[in-house]
Amino acid sequence: MGFSLPGESLVRFVLDFDPGPPPFPRADLYRGFTRKIHLDILEVAFPRFRSVMGSAALEEMMDSFFRSNGPQTLQYPCVPDEFLAWASSSGCPDHDLLNYERAAVRAERHPAELDHLRAPGEGERGRLNPTIDVFVAERAVHRITPETPQPPTSDGPQVYLCWRRPTTDEVARQRVGPLLGRALGILGLKALTREAWLSRALDAESAAPAGAYEALLELHRDLVSREGILRPDDLD
Amino acid sequence: MQGARIADLDKGLSVGLGFRRALAESLFSAPSGSIDFVELAPENYLGFGGPRRRLLQKAMAKWPVIAHGLALSLGGDDKLDPVYLEELAQFLSDLGTPHYSDHLCIGSAHGRHSHELLPLPRTMSCARHCAERVDGVSRALGLPMAVEHVSAYGSWPEDELDEADFVTEVVERSGCGLLLDLNNLYVNARNFEFDPYEMLNRMPLEATLQIHMAGHERRPDGLRVDTHSEAILDEVYALLAEALKRTGPVPILIERDGHFPPIEELLVEVEQIRRIANGVFFAG
């Protein structure tokens with residue numbers, strides 16, 4: 001990689017893993033500042049990851065991130081999002097934990113205006129809250145702690161939902177199994193009444209287990225009560 | 001509405017505080033009229049909804065807001081993202097900021113951002129490069145630009161100009177304004193052992209659109225580091241009194257980014273600045 005302006009060699013010096021000689025005396029101070037502000041923002045963004053994996057592991061990942069030409073966002077608060085995207089695409093085994101932590105921030109910062117929205121009443125159509133963040137993890141990442149860095153595999157895949165509620169800005173979380181997750185996907189595409197959604201969701205499953213209807217009904221009630229489902233008339 | 005309130009800043013002395021989330025609650029509850037405006041970095045709000053947008057709206061409803069950027073890398077060569085500039089222009093328009101400022105530094109190269117204000121080699125070619133870039137940004141944003149000279153801890157062997165000559169070259173070539181940071185000037189004077197008054201008097205002060213005041217840390221080895229985490233030094237207040245004689249009444253901002261004291265302590269600094277400015281403009 002060639003640098004055309006003299007100043008650009010300083011950017012390389014502060015970010016490169018193996019920076020070579022400093023372009024001027026005390027340039028190493030800038031390298032230290034740069035590394036510290038990035039490690040600080042990653043530690044604040046991913047406190048559980050840090051407590052489970054340790055600061056040294058996070059710093060090692062930061063170095064790999066830098067080696068992969070990061071960060072490229074000019075908005076400092078978005079560095080953790082770019083770091084997460086890099087971790088996911090580079091096969092980092094714990095990216096699901098990073099994703100779990102970041103989902104709340106994504107929902108909180110989502111640009112959608114919500115204050116004029118409300119949950120559907122009985123018989124009204126509803127659609128997923130536009131800030132809702134849905135992601136699937138192959139393991140129960142919510143169970144990961146420093147004492148249990150590997151959750152039991154018997155838990156199976158998990159679907160995590162995270163959204164911001166209108167007016168209060170409270171971030172709500174919900175964890176569901178794969179069947180309920182697939183069913184909610186229907187409400188992401190189209191506004192439906194509860195009954196229409198239940199019917200479609202069950203029709204889509206070739207072999208819905210016993211109790212699926214009740215579980216779907218309970219989930220719908222819960223999401224409506226916490227404004228994870230909103231009236232489409234206000235959304236459109 | 002917002003524009004009219006911003007215009008009031010030009011009519012007399014105005015003193016503001018950097019709007020930081022750690023300070024926000026105490027600032028909102030401070031007595032009305034304690035400060036005249038706030039300043040914030042668009043990079044921390046642009047594109048964000050939820051609590052950040054709500055906080056921004058609350059600040060806009062209470063004070064005029066001036067925007068001060070961190071990320072344009074005015075000394076760099078990376079092409080500025082036209083989509084980002086368009087979004088920034090809209091954001092600044094909504095904010096009603098009278099001008100936009102950023103730093104005479106390099107922050108990014110070949111698409112990578114250091115998120116640090118890295119010093120530039122003070123050469124004529126670099127000054128020309130910065131001037132062209134400032135002019136381009138100003139056109140894209142549809143706003144007057146002001147450039148801030150940064151504090152530094154090392155200097156390039158390629159340097160041809162001193163701080164005042166370099167800043168003057170950029171300001172005169174681009175026709176932009178100056179954001180005079182008196183703490184940066186003082187930090188550099190101590191770190192590089194020059195007379196801050198002599199340097200101040202050679203700065204293009206007539207182009208000043210705004211002044212920054214702040215405190216800094218002194219490390220055990222004597223190096224001054226521009227942390228914005230300490231109280232403003234008397235020496236920096238003294239530079240303000242000297243600078244105001246030539247700049248006239250421009251908005252003066254206190255930057256505080258760490259070791260946040262009770263708001264009352266910052267308001268004492270605001271009052272100190274008002275006393276100094278009143279002494280310059282109304283004495284005798």
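A: Chain A is divided into domain 1, residues 1-75, and domain 2, residues 93-236. This division belongs to a predicted model, which scores ipTM 0.94 and pTM 0.93. The C-alpha centres of domain 1 of chain A and domain 2 of chain A lie 36 Å apart. The two domains do touch: seven residues of domain 1 of chain A are in contact with nine residues of domain 2 of chain A. On the domain 1 side of this contact, helix α3 of chain A (residues 47-53) gives the most, with five residues. By class, that side of domain 1 has five nonpolar residues, one polar residue and one charged residue.

The overall form of chain A may be considered next. Chain A has ten helices and five strands. Its radius of gyration is 22 Å, whereas the globule rule gives 18 Å for 236 residues; the value for chain A is well over that figure, so chain A is more spread out than a compact globule. Taken along the principal axes, the C-alpha atoms of chain A fill a box of roughly 70 × 40 × 30 Å. Of the 236 residues of chain A, 35% count as buried. Among the contacts in chain A with a separation of 6 or more, 58% are between residues 24 or more positions apart.

Chain B contains ten helices and twelve strands. The radius of gyration of chain B is 18 Å, close to the 19 Å that the globule rule gives for 284 residues, so chain B is as compact as a globular protein of that length. The C-alpha trace of chain B spans about 50 × 45 × 40 Å along its principal axes. In chain B, 48% of the 284 residues count as buried, and residues 24 or more positions apart account for 80% of the contacts with a separation of 6 or more. The pLDDT of chain B averages 95, and 95% of its residues score at least 70.

The contact between the chains takes 38 residues from chain A and 34 residues from chain B. On the side of chain B that touches chain A, at least two residues each come from α3 (50-62), β5 (106-109) and β6 (112-118) of chain B. Strand β6 of chain B gives the most to this side, with six residues. By class, the side of chain B that touches chain A has 13 nonpolar, 14 polar and seven charged residues.

Leaving aside neighbours within four places in sequence, the contacts of B:V147 include B:L74, B:L104, B:V134, B:V170 and B:L179.

The C-alpha atoms of B:E198 and B:G222 are separated by 22 Å, the two residues being 24 residues apart along the chain.

Technical notes. Residues are numbered from 1 along each chain as its sequence is written. Chains are lettered from A and ligands numbered from 1 in the order in which they are written. This is a predicted model: local features need pLDDT of at least 70, side-chain atom pairs count only at pLDDT 80 or more; totals for chains, interfaces and linings use all residues. Helices (H or I, at least four residues) and strands (E, at least two) are DSSP runs, numbered from the N terminus. Ala, Val, Leu, Ile, Met, Phe, Trp, Tyr, Cys and Pro count as nonpolar, Asp, Glu, Lys and Arg as charged, and the others, Gly among them, as polar. The radius of gyration is taken over C-alpha atoms; the globule rule is 2.2 Å times the number of residues to the power 0.38. A residue is buried if 20 or more other C-beta atoms lie within 10 Å of its own, exposed if 12 or fewer, and partly exposed in between; C-beta atoms are placed from the backbone. pLDDT is the predictor's confidence in each residue, from 0 to 100. Domain bounds come from an automatic or database domain assignment.
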